[in-house]
Amino acid sequence: MEQAAATQLLPGRFDPENLQVTFCNKTDSEMKLAYFLFSMMGKPALVKAGGAVTTLALRLGLPIKGLIRNTIYKHFCGGETVQETQKAVQRLSAAHVQTVLDYAAEAQNTEAGFDAVRDEVLRNLALARDTRSFSHISVKLTGIGHNSIFNKLHLRRTLSPDEQGAFERTATRLDTICQAAAAADVTVYIDAEESWLQNPMDELAEEMMRRYNQERAVVFNTLQMYRTDRVAYLKACLRRFESEPVILGIKIVRGAYLEKEQLRAKAQDYPCPVFLRKADTDKSFNDAIDICLENLHRVELCAATHNEQSITYLTERIQRERISSHRSRIHFSQLYGMSDNLTYNLAAAGYNASKYLPYGEVATAVPYLIRRAEENTSIAGQMGRELALLQKEMRRRKL
């Protein structure tokens, strides 16, 4: 009987080629827009030039917000307000895809600005508690605290009394968010950032896990696996919590600042903290999967990746090892507007899948949108893959 029950809990076969599932939520006009955008993103020089021109035009106050809103913003963002995101949230939910709500706030550098971001996140948590429409949020620590202080702490330098007070306020903001998330039954994904800011962020994330992750993983720390030290960090983190009644929330990504990390290391003449070969990053990512699965009794894992090979590797292990707790212990996530063939087919097969759904004013979301465009051009084969799937579905629909 136990074996039969476990079998029922196992998901079906993950098939990223099922186009009817992949594009179940897309209208014909949305298909055409996606095809246009990904065609443009296949031209790296055009993406770089377009990003620079867009930033300049906004700075000069030129009337281009409408164009942005109806093209790249419409594809990659949920709306300018959390209320506007609810249509996208409901569409995702209809396909059994969860939402990770991501407030794309303008970079802040004042205490008032940090408080405003905290208050927005708290309003979102209250909405999640009252409506149950989404159950995950993303938090960027540089949205609630000073970059300069994170960097100083990373370098183990002593803070001035004013800086210490500011950092304590940052920690209090994060604690307030995590406490509200625990009460609302919402999960908090703490984003990873540049390597020269990360150590104090890891420490804050671990402290929040220690406070709130007794019964479930309320708080997840994000590990960028293109960093050469993250497998060692993961192992050390597991050792630190070995004797504590804490469920570690571990979100693994490949990494978002590759070129920036390489350029800074070269300019300041220190060892590059990220792998120079994609194969090494791929191995690091899959090694983290292995470590988390070996410790699944005290880890919740979120594999946030657009890499089909890593997703297939993880789904096949779930099937082969009959991991019946996969719904509560293993999560998959991709960005809204990208890799729908992965997200929707994972959800259709019975896996725990989600989309990162950013929202915010058009102008303040532009840096996010430029990163998404540049990220797409830099991922080997990403544009060709997206375009090939879109072409097949458009032919099927006779568009």
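**View A. The second largest cavity has a lining of four nonpolar, two polar and no charged residues.** Here nonpolar covers Ala, Val, Leu, Ile, Met, Phe, Trp, Tyr, Cys and Pro, charged covers Asp, Glu, Lys and Arg, and the others, Gly among them, are polar. This is a predicted model, so local features need pLDDT of at least 70 and side-chain atom pairs pLDDT 80 or more, while totals for chains, interfaces and linings use all residues. Numbering runs from 1 along each chain as its sequence is written, and side-chain values use heavy atoms, with hydrogens and water left out. Look for L101, Y103, V121, N124, I137 and S138 around the space, which comes to about 40 Å³. At least two lining residues each come from β1 (98-103), α8 (111-131) and β2 (136-139); helices (H or I, at least four residues) and strands (E, at least two) are DSSP runs, numbered from the N terminus. A cavity, on a 1 Å grid over the protein atoms alone, is a set of points where a 1.4 Å probe fits but cannot get out, and lining residues have an atom within 4 Å of a point. Points are joined across faces, edges and corners, and the volume is the space filled by probe spheres set on them.

**View B. The largest cavity holds about 70 Å³ of space.** By the rule used here, there are two cavities of 30 Å³ or more. The lining of the largest one consists of T22, F23, K26, A34, F38, H75, G337, D340, N341, E386, L389 and L390. Two or more of these residues come from each of α3 (28-41), α17 (340-349) and α19 (382-396), with α19 giving the most, three residues. Sorted by type, the lining has five nonpolar, four polar and three charged residues.

**View C. Q198 sits in helix α11 (residues 198-212).** Its relative accessible area is 1%, so Q198 counts as buried (under 20%; exposed is over 50%, partly exposed in between, with a 1.4 Å probe and protein chains only). A polar atom of the Q198 side chain lies 2.8 Å from the backbone nitrogen of E193. Beyond four places in sequence, Q198 is in contact (heavy atoms within 4.5 Å) with H154, A192, E193, N221, T222, R227 and R230. L153 is 45 residues away in sequence, yet its C-alpha is 9.3 Å from that of Q198.

**View D. N221 belongs to strand β4 (residues 219-224).** With a relative accessible area of 0%, N221 is buried. Leaving out neighbours within four places in sequence, N221 is in contact with I190, Q198, D202, A205, M209, Y233, G249, I250 and K251.

Key:
Polar contact = N/O pair within 3.5 Å; in protein donor to acceptor, adjacent residues only side chain to side chain. 1 Å grid on protein atoms, 1.4 Å probe; cavity = no way out; pocket = protein on both sides within 12 Å on 5 of 7 lines; lining within 4 Å.
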